[in-house]
Amino acid sequence: MSLNTSFTGNTGLSGGAIYVSGPSEEAAEVDLFARNVTFNNNASTGSGGALYLAGGSRAYFTKTKFAGNNAVANGGAVYNTASFLEMNIVEFSKNTAKVG
């Protein structure tokens, strides 16, 4: 869970700020919940400039901003493969990637 947080200037191979893979072992309703979170200027040398979701993970975002994130491959802000993602009141600006 992330509330009222900022992820700024992080780097990673998959997901510059956060990488989530597979459902939680604890049978939680979601693997990642974020409210009032900003993702600014994060970078991935692969996919998902700010966030990478994979393997059936579940994520919910509300009142979140993705700005200035970059991925070398796919998904300037978010890369989602075979996962559930719900977003409400989310802003995207100036995120870049080779694809998406």
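Reader: How many bridges join strand β6 to β9, and do these strands run parallel or antiparallel?

Author: In general, strands of a sheet pair through backbone hydrogen bonds, either parallel or antiparallel. The model before us is a predicted one. Here β6 (residues 51-54) and β9 are joined by four bridges and run parallel.

Reader: What is the order of the strands in the open sheet of three strands?

Author: The order is β3-β6-β9, with parallel pairing. Its edge strands, β3 (18-21) and β9 (78-81), each pair on one side only. On average, neighbouring strands of this sheet are turned by 5 degrees against each other, direction ignored.

Reader: How should I read a pair of aromatic rings, and how many such pairs does the structure hold?

Author: The distance of the centres and the angle of the planes describe a pair of aromatic rings. This structure holds eight aromatic pairs. In one of them, the ring centres of F7 and F39 lie 5.1 Å apart with planes at 10 degrees; planes under 30 degrees apart count as stacked, so this pair is stacked. The two residues come from distant parts of the chain, F7 from strand β1 (residues 2-8) and F39 from strand β4 (residues 32-40), 32 residues apart.

Reader: Is F39 buried or exposed?

Author: F39 has 1% relative accessibility and counts as buried, because buried means under 20%. F39 also belongs to a cluster in which ring pairs link F7, F39, F61, F66 and F92.

Methods. Residues numbered from 1 in each chain as written. Predicted model: local features only at pLDDT ≥ 70, side-chain atom pairs only at ≥ 80, totals over all residues. Heavy atoms only, no water. Pairing = 2+ DSSP bridges. Axes fitted to C-alpha atoms, helices over the stretch in contact; angles between N-to-C directions. Phe/Tyr/Trp six-rings, centres within 6.5 Å; stacked < 30°, edge-to-face > 60°. Buried < 20%, exposed > 50% of the residue type's maximum accessible area, 1.4 Å probe, protein only.
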